[in-house]
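Colleague: I am new to this model and would like a close look at one part of it. Could you take me through the place where the two chains meet, and then what lies on either side?

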Amino acid sequence: MAYPEKYKYTREHEWIEVAGKVGIVGITDYAQNSLGDIVFVDAPKVGTKVEKDAVFGSMESVKAVSDLYSPVTGAVTEVNEDLKSSPEKINSDAHGAWIIKVELSDPSEVASLLSAADYEKFIAEETAK
Amino acid sequence: MATTKGFIGNTRKVTAHLTQNEPLSFEKSSPGKRAYKLAPLDVPEVDAVSLLGGAVRKDDPTLPELSEIEIIRHFTRLSTWNYAIDLGMYPLGSCTMKYNPRVNEFVSRLEGIAEAHPYQPESLSQGSLEIVKLLQDCLIEITGMDAITLQPAAGAHGEFTGILLARAYHESKGNPRKTVIIPDSAHGTNPATAATCGYQVVNLKSNAKGGVDVAALAQMVNEGTAAMMLTNPSTIGVFENEIHRIADVLHDKGALLYMDGANMNALVGKTRPGDFGVDVMHLNLHKTFSTPHGGGGPGSGPVACKTTLEPFLPTPVLARDGDGLLHWNYNRPQSVGRVRMLYGNFGMFVRALAYTLANGPDGLRQTTEDAVLNANYFRKKLEDLYELPYDTPSMHEVVFSDKRQAKNGVKTGDIAKRLIDYGFHPYTTSFPLIVPGALMIEPTESESREELDLFVDAMRQIAREAEENPQLVATAPHSTRISRLDETTAARKPVLRWQGPPENGVELDTAAKEW
């Protein structure tokens, strides 16, 4: 699976696509593959403040419930309602099925995130353990 | 020898045999069938409406209607589909599924015990209260703590009670504090408990040996730390060698050390949490002390603490009067309050005490040694075939990973399901989370060398199959009534209750609706 170069990544396996002041957040294909079939996405409400590296929601798969970590600080402007009835879209297209959109309060935070190449290197190390 | 298609293993432990199909009791129901017959009414009939008015029920409840033999066969047939500790080993790691000795059941059914009523006057309940007192004393001695409550109904309830005590303790000093530190190897109930008690959870990463990184902990602990919740031995079955230092680091900042006692099976009679710095802990009587586990047990999760936390224990607490009689003391102004109706699951206290007294100190020490010996027997017999992610010495359970089998597409869940074909209940899969593809195996002390060898044979055979015929393992089980369930659809679109076909006259605007 190729990791889109226009996205930035976290070590907790989220991706973010930043356009101006708005970031679109989802989980990576590696994450969906490790989780297995996703059955429920617990996303925050519009207006919720999220903080970089802090939990903003959770995701339940047939295996486990996992926390979702925000790549940036800001406020939620939109939630992908589609995932309520069709959480499986994350399994079939993790890099397309976004979870929340965030208005960034500090766009400079993005610089500390991983590039696609760095993220691929990171998961290669993780899997080698 | 099993004749099931695709089964090539050695099935010394099991042979396929017929089991009867059985629909739901609702589906077997026919209107008017009864399993009882009442004698003719020989007293004046009372009109229910005159007594109950509008509260009288106008429709009949939707209940299955069957004869007595049909009911007996229904449940007996269903019971033949089950696996139970009375059929064979139940190697669920972190669960301690040990044998429930029959003497426990005998004692708990003695008339004076079984028919005691919780509202009997204390003066007529002295025997039952002595049972509670003696069990409390035994558990305090075993844990090395100072005081105990037997109220909590199970492990997670015990955790909740324990952290409530910690919170009440900090509040009494003027500040409940903010955070609870929990290692990444913890049972999921630990962070849930801390959050439920109003604390923020701080995650502590394990070190390379799978234990607590004391240096990292020292950096993390501050005046906002209420407690650390630690399982010892940890969920990878490893004893925290630096437990004293861990306790010191916490105590230096006024934080408390909570011990999740789920793995106490590895410590009883050998070492005591109270001696290694634990302030508050829970026990699982349904694990360590052999009371029934799972399937509605019910459980029992006593919480033991040091003197500093004693004023906060749930009410009532048992006390002995000047006249030598036991009574319940409700006058406890600093108590966190009641956490369970009445006094807890008394039937479990009787069983746990029977177990404790039947074994005695030396016997309990022996069970601990046997539990550790059995787990290490598995480790030695299987470590050439299954990856051992941490080579730290094992205690009562051993954790492998599926790393070698996963190369052929065989995951821990597949190996577990294949074990069913060999007549064993699966081990715990995919936990602890710090081990990817974990196989967590806990035989307990109950198992004989013969049963252990059957399990080793099965596991070795499965490892071979994973090499030679991975598809066989990946699609197991092959010999059960039902093979792979569609877990995903079950979770996404759960069917939680039976719905009768309306044309059969079953109206769902009755009690059945609320099921």
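Colleague: How many residues of chain B are in contact with chain A, and how many residues of chain A do they touch?

Modeller: Happy to! This is a predicted model, in which local features need pLDDT of at least 70 and side-chain atom pairs count only at pLDDT 80 or more, while totals for chains, interfaces and linings use all residues. Residues are numbered from 1 along each chain as its sequence is written, and chains are lettered from A and ligands numbered from 1 in the order in which they are written.

Where the chains meet, 5 residues of chain B are in contact with 4 residues of chain A (C-beta atoms, placed from the backbone, within 7 Å). On the chain B side, 1 of these residues is nonpolar, 2 are polar and 2 are charged (Asp, Glu, Lys and Arg count as charged; Ala, Val, Leu, Ile, Met, Phe, Trp, Tyr, Cys and Pro as nonpolar; the others, Gly among them, as polar).

Now to chain B itself. Its C-alpha atoms fill a box of roughly 75 × 70 × 45 Å along the principal axes. An automatic or database assignment divides chain B into domain 1 (25-79), domain 2 (103-116 + 128-356) and domain 3 (370-482). Domains 2 and 3 of chain B have C-alpha centres 31 Å apart. Their contact draws 14 residues from domain 2 of chain B and 16 residues from domain 3 of chain B. The domain 2 side of that contact has 5 nonpolar, 7 polar and 2 charged residues.

Strand β8 (residues 317-320) of chain B runs antiparallel to strand β9 (residues 326-329) of chain B, joined by 4 bridges. (Strands are DSSP runs of E, at least two residues, numbered from the N terminus; two strands pair if DSSP finds at least two bridges between them.) One of the bridges links V317(B) with N329(B). There are 5 residues between the strands, and G324(B) takes a positive phi near 90° in this hairpin.

Strand β6 (residues 55-61) of chain A pairs with β7(A) in the antiparallel sense over 5 bridges. Within that pairing, M59(A) has S66(A) as its bridge partner in β7(A).

Methods:
Contact = placed C-beta atoms within 7 Å.
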